[in-house]
Amino acid sequence: MAFVGEVVDINDSAFTAALFANDLQSYSFDLDALRQWMIAFVVCDFNIDVGVEIEYMFPSTELSATDIQTICFSSFPEKSNPDRIEDSAFHFKFRHTSPNVPHEANPDDPEHWYGYCLFRQKRDVSARRNFRQKSLILLSQHEFPPLFSHIVKTVSMLEFTVSPALVESACSNIAAWGAPEIGIKELPFLGEILEVHMFLIVPCRPPHNCFPLQGLMSRTSSKADLRVEYKEIHTSEPTGSWSRLAHLLTSLSELYIIFERALLSEPLVILADDPACASEFVSSIVDLIRPVPFGGCCRPYLTMQSGERSFLPLRHYLIGITNPFFLKRIMSQGKENSQPHVVYLAGPETRYFSKALLDSGPDNMSFRRKAPSMFYTSFIERATDPSSHIIPNENKGYIAKDPSFLRKLDMLLQDPGSSPQEIGRFVRRHFALLSALFLAPLNRYLATLTSSTPDTNIIDMGSFSEDDFLESLSTYGCSVHFKGKTSFHRHRTAEAFYRKFIRSPGFFTWLEMKMRLQNADLKKAEE
């Protein structure tokens, strides 16, 4: 979504207006209404002498020096290709240190904010490096990646310089939306109507964000006026597209290892070539295990300089990075029994075909995937020994892979007629079913803990017993296919996996979600 325009200059009127924007104390919109959705827009520019610096912030916000540093370092890629002029959209999460900023905080996670960023670079022969770089960041307390990513793309598409006047118009539109609420809302924004499907306001609040996978259909909105562009957005959907992300994996079967690790909240590190791939893949992993929330520290994009490295002493985290030397530091500081599984996402295409196979037609076409070291060396061109940075993974898993799913997915990826939506639905529904089958024995056991009352049934979560559940699992079994040569071995594998899960933070987060849903039903019954 590149825009051909002029880069802001220090003698420009736009730059003077930007400086004035930081001093504004009154606005043409309701600031409190805006702060129900977001904190501020931030425009960052790369100064070759001092590095990344904030050009202006709108509305004017008193952020701490630590937050400013985190935003600056997180809004620019750690390495950039001067020949690449496409925009790069990604998002990051950080623990803010600005408690005095007036806003409607996320009640379940008031400590963290999100930055939705669009990075852009443009050739400029007058610049010392022959190109200029700029980032537009939407700072928000809410985790609505599809919505806010669309907003920053729309704003930056209209102007490369992103003037304060344009940002003020965007803020005026957002302030008129009203408070975020569950349901489907038609929200006007800069000449288009956003049909926003909000199934989740804060984490673990009903309804849960896995609902789009359970067959909910969009309503038929009033689109009679063809002069207005409509855009349908689901705030709970992942930002990535499996039609693109699956090509970056060294093996499609690695999806099952990733699914298991995320379900157990075990450490996962996504090493990508750019921030967009890293943040999109992290978002897609969180989506794979729904309705089980990831029970650890989740960072869609993290840099070495951001200062957000508090997860390193932890045993449960999911992060996206682009710096292989950062990976080396993570591995050196991790405990021996909690080494992360590293997902290497290739920059170039990971499939290649021989001429004989191409001539034989699509029906006989097969493929091979490159080993991580074949493309990973592009990440560390300046390293003296690139192979020393390859971290081997322990690929031992519990859940048996479904060959029919992998074959069908491979066929869809090879078929040029397959749409990204078709591939995304196929992958998401497969793992949504796998999650449901995995949770079925737990739901069956929890149903036995129900104490009946005249009005409703209440599940006594406090009486949960690991031994009793495993006995129930042995009696009734489960529909998930686990690895093992015999039924005895498969049962032992299933028992070991369930035992790890019910001791993981993901299980307790899921259990807390069920209790909230239960309490919500009780409140409705009382009304």
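**View 1. Confidence along the chain of the predicted model.** In this predicted model, the protein chain has a mean pLDDT of 79, with 72% of its residues reaching 70 or more.

**View 2. The open parallel sheet β10-β11-β9-β12.** Four strands, in the order β10-β11-β9-β12, make up an open sheet in which the pairing is parallel. Strands β10 (297-299) and β12 stand at its edges and have a single partner strand each, so one side of each lacks a neighbour in the sheet. On average, and with direction ignored, neighbouring strands of this sheet are turned by 15 degrees against each other. Helix α7 (residues 254-263) packs on the sheet, where it touches β9 and β12, and its direction makes about 140 degrees with that of β12. Helix α8 (residues 275-288) also packs on the sheet, touching β9, β10, β11 (317-321) and β12, with its direction at about 155 degrees to that of β11.

**View 3. Strand β12 and its pairing with β9.** Strand β9 (residues 268-271) runs parallel to β12 and is joined to it by 4 bridges. Within this pairing, Val269 has Val342 of β12 as its bridge partner, while the bridge partner of Ile270 in β12 is Val343. In a regular strand the side chains alternate between the two faces of the sheet.

View 4. The whole structure contains 14 salt bridges, and one of them joins Glu237 to Arg428, with the closest N and O atoms 3.9 Å apart. This pair links distant parts of the chain, for Glu237 lies in the loop between β8 (229-234) and α6 (242-248) and Arg428 lies in helix α13 (residues 420-447), 191 residues apart. Glu237 counts as partly exposed, at 28% relative accessibility, whereas Arg428 is buried, with a relative accessible area of 13%. The side chain of Arg428 also meets that of Asp287 in a salt bridge, at 2.8 Å from N to O. This second pair again links distant parts of the chain, with Asp287 in helix α8 and Arg428 in helix α13, 141 residues apart. Asp287 has a relative accessibility of 1% and therefore counts as buried, the limit being under 20%. Through salt bridges that share partners, Glu237, Asp287, Arg290 and Arg428 are joined into one network.

**View 5. The salt bridge between Arg261 and Glu266.** Arg261 and Glu266 form a salt bridge in which the closest N and O atoms are 3.3 Å apart. Both Arg261 and Glu266 are buried.

**View 6. The surroundings of Val292.** Val292 is located in the loop between α8 and β10 and is buried, its relative accessible area being 1%. Leaving aside residues up to four places away in sequence, Val292 touches Leu263, Leu439, Phe501, Gly506 and Trp510. The C-alpha atoms of Val292 and Phe507 are separated by 7.5 Å, although these two residues are 215 residues apart along the chain.

**View 7. Helix α5 and its buried residues.** Helix α5 (residues 164-175) has 12 residues and, at 1.5 Å a residue, should span 16 Å, which agrees with the 16 Å between its end C-alpha atoms. An α-helix has 3.6 residues a turn, so residues three or four places apart point the same way. The buried residues of α5 include Pro164, Leu166, Val167, Ala170, Cys171, Ile174 and Ala175.

Technical notes: Residues numbered from 1 in each chain as written. Predicted model: local features only at pLDDT ≥ 70, side-chain atom pairs only at ≥ 80, totals over all residues. Heavy atoms only, no water. Pairing = 2+ DSSP bridges. Helix = DSSP H or I, 4+ residues; strand = E, 2+ residues; numbered from the N terminus. Axes fitted to C-alpha atoms, helices over the stretch in contact; angles between N-to-C directions. Contact = heavy atoms within 4.5 Å. Salt bridge = Lys/Arg side-chain N within 4 Å of Asp/Glu carboxyl O. Buried < 20%, exposed > 50% of the residue type's maximum accessible area, 1.4 Å probe, protein only. pLDDT = per-residue confidence, 0-100. Expected span 1.5 Å × (residues − 1).
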